[in-house]
Amino acid sequence: MRDVFKAQKVTDRVWWVGAIDWSVRDFHGYLTSRGTTYNAYLVMADRITLLDTVKAGYFDEMMARIASVVDPAKIEVIVSNHSEPDHSGELTRTIETIRPKEVWASKNGAQALDDYFRLDGRVKALEDGQSMNLGSAKLTFAETRMAHWPDSMVTYLHEDRLLFSQDAFGMHLASYERFADEIPRAVLDCEAAKYYANILLPLSNFVAKAIEKVSALNVPLDIIAPDHGPIWRKDPMQIVKAYTAWGEQKRTNKAIVVFDTMWKSTELMARAVGEGLAAGGARVRLMPMTGNHRSDVATEILDAGALVLGSPTINNEIFPTLADVLTYIRGLKPKGLIGAAFGSYGWSGESTKDLNAVLEEMKVQVVAEPVRAKYSPTNDVLKQCYDLGLKVAEKLPK
Ligand code: FEO
């Protein structure tokens, strides 16, 4: 593998030595349509240091990339910025192979790595804000708890004005291009937003604290090197600004209609709702859950203003695909949405009541009475759906 997998240069002293996963499509429920990377970085200081490792199964690729720069046995320090297994799955094997003098993590990280891998106290816990001298380079560590896990921290390399930001400011995007400025803007915008919506949205307050924490270091920032996707070297603050905006969850005039259908009745109702929303001036996305993934719904919600739900009743319940997406979205805790519900039924017809209950549980403001159709919608019911759309549109920001 050594002749094939090479490190990629980030600066004169930092090399990317991670792995590219072109195959992964499921990241704990998130559809990673473009794969991902597990970024690890080598700092070629007097004390050679490896920051983060890779997911289980990518050890040989990482080691080959390291060996293209330096004999891995010369690595003195391994830093674990984040204990989640996509970054630590090969940590134990890496420690056993390289035998570094020290392994560093945050206090929570040292505990988490022990809990995961039974490292028997081999990880040294760093203090929040602590600096460590690597001889020809200096690292400063800042805890960024809950961005993404309780153990998370970021590491700043003073000499290169470079922040190793672990999950923060990343995206799931497999590519041979290592830098964001080498990737089409539309792809960056799409994947960065999808990553924020599906991973960080419920942790927005913690992400904001992490950004404050990094600002408080009061250091210049030329490069942000996350643990997934490309490195930000041109205007790195662009992704910080995007995170700040997404965290504010400012609502727009976009409405998404999330629905599924058994015999096309609820689908016809959804189309009538969509017509009413559009006539009322909303930007509308109809998302049938046969053909859309829950993580795409989450991404659309990031800048939506309204969430309208439609489901038939099946065996006294909402449709299973609606239950799936709503369980997922509820966990992401979007704020400030308005919504409404509709659905068809044949026998008992609980779906709209259940959908409204979920909206209320999610603290979505329900702004219209639900509309129901028995078996198939009459013209009158379709008009009610249209009017529901109009009513929701009226309440959206203009
Ligand atoms: Fe990329 Fe929270 O792990």
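## Reading the labels

Student: Why is Asp-189 called partly exposed?

Tutor: Asp-189 has a relative accessible area of 39%. With a 1.4 Å probe and protein chains only, buried means under 20%, exposed over 50%, and partly exposed in between. The value of 39% falls in between, so Asp-189 is partly exposed. Before we go on: this is a predicted model, where local features need pLDDT of at least 70 and side-chain atom pairs count only at pLDDT 80 or more, while totals for chains, interfaces and linings use all residues. Residues are numbered from 1 along each chain as its sequence is written, and side-chain values use heavy atoms, leaving out hydrogens and water.

Student: How do you know that Asp-189 and Arg-185 form a salt bridge?

Tutor: A salt bridge is a side-chain nitrogen of Lys or Arg within 4 Å of a carboxyl oxygen of Asp or Glu. The N to O distance here is 3.1 Å, so the pair qualifies. Arg-185, at 44% relative accessibility, is partly exposed. Both residues lie in helix α5, four residues apart, about one turn of the helix. Helices (H or I, at least four residues) and strands (E, at least two) are DSSP runs, numbered from the N terminus.

Student: What makes Arg-65 and Glu-61 a salt bridge, and are they buried or exposed?

Tutor: Their side chains meet at 2.6 Å, N to O, and they sit four residues apart in helix α1. Arg-65 has a relative accessible area of 6%, so it is buried. Glu-61, at 8%, is buried too.

Student: Why is Lys-250 called exposed?

Tutor: Lys-250 has a relative accessible area of 62%, so it passes the cut-off for exposed. Its salt-bridge partner is Glu-248, 3.3 Å away, N to O. Glu-248, at 45%, counts as partly exposed. Elsewhere, bridges that share partners join Arg-47, Glu-76, Lys-101 and Glu-102 into one network. The whole structure has 26 salt bridges.

Student: What makes the phi of Asp-52 worth a look?

Tutor: Most residues other than glycine have a negative phi. Asp-52 is not a glycine, yet its phi is positive, about 65 degrees. Asp-52 belongs to the loop between β8 and α1, and with a relative accessible area of 2% it is buried. His-28 has a positive phi as well, about 30 degrees, and is found in the loop between β4 and β5.

Student: How do you know that domain 1 and domain 2 touch?

Tutor: An automatic or database domain assignment supplies the bounds: domain 1 is 8–248 and domain 2 is 254–393. Contact means heavy atoms within 4.5 Å, and 11 residues from domain 1 and 11 residues from domain 2 take part. Together the domains bury about 1000 Å², where buried area is the accessible area (1.4 Å probe) that two parts lose on being put together, summed over both. In domain 1, Asn-198, Leu-201 and Pro-202 lose the most area to domain 2.
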